Amino acid sequence: MSNNVRTHSFLSERLNDAIASLDAIPVARVTGRLVKVNGLMLQAVGCRFKLEQRCMVETAEGSMIEAQVVGFDHNVAYLMPIRRLGGLFAGAKVVPLEGDSTVQMSNQWLGRVVNGLGEALDGGPELRGGERISLEANPINPLKRRPVDTPLDVGVKTINGLLTVGKGQRIGLMAGSGVGKSVLLGMISQNTQADVIVVGLIGERGREVREFIERNLTEEARQKAIIIAAPADESPLMRLRATLLCHRAAEYFRDKGKDVLLMMDSLTRYAMAQREISLSLGEPPASRGYPPSVFSVLPQLLERAGNSENQEGSLTAIYTVLAEGDDQQDPVVDSARAILDGHVVLSRQLAEQGHYPAIDVNASISRCMSSCTQEAHQTVANQFRQLYSNYLQVKELLPLGGYQPGQDPDLDRAVAMYPSLSAYLQQSAHESVSYEESLTQLATLFQGR
């Protein structure tokens, strides 16, 4: 008899749950229709769309293409597809989706290569399970951020010794094309001690994805790395999505108490993707073809990196910034320089001389160096900069015989020490110099001089 009672009770509970769930089922599903396609921009009417809402657009083959609302004009909503267009037709059904863009994040992501949607590109199993999180993280109270006070060993002696980076710092690698940004990024990824490495390859050549993984990541680094790739042939919205996913993955592991290194190549391609969308919506260009909205989204993105209010875990971010025509006053370069906590400028002139890494020490700075290094280290680094700057003042006069020794002791010392200074600034791509060794070599330069 007791078994019958339990069975009856169980069936009653299931029936009550089923009846209650009926209230959540909409009587009718409201959909819109596609009325115009202009380049990458879709126009839809007949439905109440929200900005940044995800939608599914019907194709002639019966499949659905995911798109996102990027603007509207009166009752016309502007959508941009995440993937390539194909099979669209006038009057196609547009189904709005509820909820924010989310992704399931877990340790399964480590060692994997994915696209901006979190889909595997490496032929491995589908990423399932884990904690479902929104791509948009809550902003951090600036008064609760943990300060940057611990140096980070990047394995490059010029940066370790003269441009020290701290855990939780955000820094930019700024240079024109073909000067060595990706190589330097690879050196840092190989040599930096981090629990998790998140690499975003945004808007770059498709072949560079495999090359970066095979050439710049050791087997040990690959096991703790997450590669998120959106090559140049992807849609602008996919490139933006991949950028957000890079930061969300880094934030997730930082909040789990891990030391995270986020490397993104490149910030300029992200700005260009945002420019494509803004211009398609009719926003007027302001600075070298970039609309004003581009310079409002950059700080929103870059402020997501860095330390949080948690005492454990850090997020150090390194962004490559392409200076078109080697112009350091390029609007994206100038904007990034104002937001980031430091910048490393690579010189084409040094690269043409075979000087690698081609870091222009005088044009570079780390704004957090004073808060994460000892005073003695800062003194020696400033002394190095002064001597190097003094040499550059007379460099062009030396071949012409325009500089006469004995006139200025500081200049004489700079000229005499220049070979040692230049040697310190050079390092092969496969060489690793620890933070302690970098400081030792720097101090050795000035012993007895």
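Student: What is the area buried between domain 1 and domain 2, and what makes it count as buried?

Tutor: Happy to start there. In this predicted model, the area buried between domain 1 and domain 2 is about 1,100 Å², with carbon and sulfur atoms giving 63% of it. It counts as buried because it is accessible area, for a 1.4 Å probe, that the two parts lose on being put together, summed over both.

Student: Which residues supply 47% of the area that domain 1 buries against domain 2?

Tutor: Met-80, Ile-82 and Arg-83 do, more than any other three residues.

Student: How many residues from domain 1 and domain 2 does the contact take?

Tutor: Domain 1 (32-96) and domain 2 (102-370) are two parts of a division that also has domain 3 (378-445). The C-alpha centres of domain 1 and domain 2 lie 31 Å apart. The contact takes 12 residues from domain 1 and 12 residues from domain 2, where contact means heavy atoms within 4.5 Å.

Student: Now the largest pocket. Why is it called a pocket and not a cavity?

Tutor: A cavity is a set of points where the probe fits but cannot get out, whereas a pocket is an open set, so the name tells you this one is open. About 1,300 Å³ of space lies in the largest pocket.

Student: Which residues lie nearest the centre of the largest pocket?

Tutor: Among its 46 lining residues, those are Glu-52, Leu-135, Glu-136, Leu-244 and Arg-304. Domain 1 and domain 2 each give at least three residues to this lining.

Student: What gives the most to the lining of the largest pocket?

Tutor: That is α6, with eight residues. At least two residues each come from β4 (64-73), α6 (236-255), α7 (267-280) and α8 (292-302). By class, the lining has 18 nonpolar, 13 polar and 15 charged residues.

Student: And the second largest pocket: which residues are the closest to its centre?

Tutor: About 500 Å³ of space lies in this one. Of its 28 lining residues, Gly-178, Val-179, Gly-180, Lys-181 and Ser-182 are the closest to the centre. Helix α3 gives the most to the lining, with five residues.

Student: How do you know where the second largest pocket lies relative to the domains?

Tutor: Domain 2 (102-370) and domain 3 (378-445) both give residues to its lining, so the pocket lies between them.

Student: Which residues does the "domain: AAA+ ATPase" annotation cover?

Tutor: The unreviewed UniProt entry places it on residues 167-350. Over residues 167-350 the chain is 45% helix and 21% strand, with the end C-alpha atoms 29 Å apart.

How values were computed:
Residues are numbered from 1 along each chain as its sequence is written. This is a predicted model: local features need pLDDT of at least 70, side-chain atom pairs count only at pLDDT 80 or more; totals for chains, interfaces and linings use all residues. Side-chain values use heavy atoms; hydrogens and water are left out. On a 1 Å grid over the protein atoms alone, a cavity is a set of points where a 1.4 Å probe fits but cannot get out, and a pocket is an open set with protein on both sides within 12 Å along at least five of seven lines; lining residues have an atom within 4 Å of a point. Grid points are joined across faces, edges and corners, and a volume is the space filled by probe spheres set on the points. Helices (H or I, at least four residues) and strands (E, at least two) are DSSP runs, numbered from the N terminus. Ala, Val, Leu, Ile, Met, Phe, Trp, Tyr, Cys and Pro count as nonpolar, Asp, Glu, Lys and Arg as charged, and the others, Gly among them, as polar. Domain bounds come from an automatic or database domain assignment. UniProt positions are given in the numbering used here, feature names are shortened, and annotations may be inferred rather than shown by experiment.
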